[in-house]
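Here is a briefing on how two chains meet.

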Amino acid sequence: MNEPRHIVRAALIWLVATVVGIAAVLLIGPQLVGWGSMPPVASNRASDVDSVLLLFTILSVPVFMGVVVFWGYSIFAFRSQGRPDRDGPGTRGHMPLQVTWLIASVILVSFLFGYGLVFYNQIQSASAADTLIVKVNGEQWLWNYSYPQYGDVSSTTLVLPVNRPVRFDITSTDVQHSFWIPAMAVKQDAVPGQTTHISATPTQIGTYEVRCAELCGVYHSYMETPMEIVTPDFFDSWIATLQSGQSAHVSGQMNTTAWMSQDADARSYSNREGWVA
Amino acid sequence: MRKIVPSYLAGVILGAIGFIAGSQFVTHFIGAGNAVDGINFDEQGLVIGFIGLLLGWLIGIGAFKYPFTWLLAMKDPDHEEEMRLAGKDGGIGRYFRFTTDHKVVGIQYLVVTMFMLALGGLGAMLIRTELIQPGAKAFPTGTYNTIVSMHGMIMILAVISFFIGPFGNFIVPIMIGARDMAFPRLNALSFALLVPGLVIFMFTPFLGLVIMNGQGGGVQTGWTVYGTLADQTGVGMTSFAAGVFVIGASSIMGAVNLITTVMTMRAPGMTWTRLPMTVWGIFGAALLAAIGTGAFAADLLLILLDRIYKTSFFYVAVGGDAVGAGGGNSWLSQNLFWFFGHPEVYLIVLPAFGIVIDILVVFGRKPLFGYKTAVLGIMGVVVLSFLVWAHHEFVSGWAPEARPIYMATTEMISIPTGLIFLVALGTLWRGRLWMTTAMLFALSFIWNFLIGGLTGVFLSDVPADVQLHGGMFVTAHFHYTIVGGALMGFFAAVYFWFPKMTGRMMDEKLGKIHFWGTQIGFNVAFLAMFYAGLQGMPRRVADYAPQFAGANLVTSIFAFVLAAAILVFAYNVIASWVAGEKAVANPWGAKSLEWLVPTPVPLENFEEIPVVTSGPYDYGEPAGSGTQIPASGGQVAG
């Protein structure tokens, strides 16, 4: 078989594989949240992140297929039975191909960077006037929250009103932790002696989980607690109860997404007695 | 006496005496006499004990003998002593003493790094046992964290040495037409430090059992040893930091030696553009090791000072918990660590790039496709790898405004890496592929590293990384690059050079069982781990929520398949080494210099230094001009 037909065949296989691959990604990608294969989407950040992930996956399909198809084609078409009795062609390179490859990868990388930068600026955008500020303090092995705009009332459960931008001011008492709300795509380290910030706008009422994403000692595995995104009315009454000095209970009166609801509570460190090291 | 004092036995005995003397006597005398409040005497004693262990070992094996006889008597060793030091007697005993021959050191490294891989693999199996089901059922969480830390660190130590050590020492000098490394004694010393470093490191789990330092002993930090937690964690941290520090020193020595060897010891005609890619890859890795390791060593030293003398490099002391003076900086530790930590992952994979490309050439029977492109790829990675470390700190809060810069450099590193893929694919295209086990592993590198590389692009993007950071997606990604990439490259290298290094062929049938078991076990286990990461499962947890159970069960089962396949490999290595088919000088029909010397390779490799007149990739071209080996490269006289 002569050279051009190998190239043409492999290129055709690549084209078909790429089209099928992208179609599969477009078909399956948006379903993943519904299947429980990805965390629920409960903030503007989370939907941004999901679209970044989808786009990156689509872009990686032609690259992946490009390598795999030419690799696999070589393995099947050019293998020899046992020890080869003669050499392959003495090709030592193909300058136009090498230059094209280099230029194509530079373009692809520039696009990824530019696209990442747009989203980066989007999630970094300055906070709105009515931003809710929540102080987060990590300690081994639980999270404490306080609301400085409401007389600094504090709580060990995070409660946020839906559709109001929130800024977390995060620090730690002992070692480095990482404040992570998977459903909101919020993750920021809690660094002792420093205050770090991250902002997001909750968009979906429900019960979610907060957990620690930085190994922080013996019970790191259990540093997770439930959190709730509630209606503004409910939030106001909850804050009022806290301000009056009573311990306010939140429990899923809202349309819970069933994500972690019972389990997070049962597994959280603060609910286990006699575990102090 | 002459026979016992320098030997490994004397090293072990003097090392034990040194440890006991250092940790007990010195602590009791100094500790009792000058009790200063706040100094941690237990750990101070341990560290002094480790120093005693090192000195005792080195004295016992005779590492100081020649420097001291020279210093005290101004006498150089005579020729006979030099030849004995180089292992001229040729017996099996030269593998068990301080020997300068680069081939002996290479074999020593091969055995020790395989032992380290086995230890780390045992840790991996314990981790997967714990994670079969939700609920910390197999171990208490503190023990689990210690296992995770040990697995991570020992695997990193193994994989940073498993190319530079065995193949850098044994193969590279022959490949470039040299008779030994540039500094044979430094070479022997770098191996002589690896062993006691490993012994000190292995104190960690036992210290955790013996002394419960408020935190259940052990090491809770993971291999990243972030300062605030490392200052606080159990007493095992002392041996962990000290052991890694010693091994780091060993690795810097090895790297400096290799760099010098490649730069100065090349045979006449072995120009930079005729070096095999294996040499380029190991050379690049040695550059990274020489430059980067110091930052981690500094980090470990500061941790030890913080722990013992309460120096507060990292200790912050907020919330009234005033163990130390406070005022430390947690980010300093992160930066020191990752300034080593990220070049380190390229240190692992660069030799694999070079070795895989060379193996594709030999078993594809085609010249390398784009020599200069491949060199550009490897050296591009070397330079860029020092500019990307802060992508591990995208969510740390350190220098948030600088994140786009690190996003850019991180994405840029996929350009030189992409060139390596082009070279590999171009070399395969229209070759005559000979499917030996070495070739199969080299081919699997392309598949695995492609997945590892593409998922790395996801993590380079700041918004995506904020969600994926600290999760199982990251764990799966770097296992794809290190296990799927570097470890498969290591297997390829072992099957490829085993005949040259041991004089025997490995069993190809067992090799194919090993290959398929490894690929299936590895790929299914870690694709399932990507899924767990996408679902939002965090890293380094002993217990997890029920929605991650399915993915973890799959990962655990196939991790055991992977382990079983690697046991086949271990059996294959041992059985073939003992009773394998005898190897001829050049079983693969390869063209680089190491295949042109006899097997077993004679002391000093070449009777006369060869004159190189062409590169190692002359396939598919009329025979004629080629590397000239004078005579048959027989035994050196005398």
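A salt bridge here is a side-chain nitrogen of Lys or Arg within 4 Å of a carboxyl oxygen of Asp or Glu. By that rule, 2 salt bridges cross the interface of chain A and chain B. This is a predicted model: local features need pLDDT of at least 70, side-chain atom pairs count only at pLDDT 80 or more, and totals for chains, interfaces and linings use all residues. Residues are numbered from 1 along each chain as its sequence is written, chains are lettered from A in the order in which they are written, and side-chain values use heavy atoms, without hydrogens and water.

**Extent**
- Chain A gives 92 residues to the contact and chain B gives 95 (heavy atoms within 4.5 Å).
- About 8,200 Å² is buried between the two chains, 63% of it on carbon and sulfur atoms; buried area is the accessible area (1.4 Å probe) lost on being put together, summed over both parts.
- A:Trp71, A:Arg92 and A:Leu215 supply 9% of the area that chain A buries against chain B, more than any other three residues.

**Strand pairing**
- β1(A) pairs with β1 of chain B (residues 433-434) in the parallel sense over 2 bridges; pairing requires at least two DSSP bridges, and strands are DSSP runs (E, at least two residues) numbered from the N terminus.
- A:Ser80 stands opposite B:Trp434 in β1(B).

Conventions:
Helices (H or I, at least four residues) and strands (E, at least two) are DSSP runs, numbered from the N terminus.
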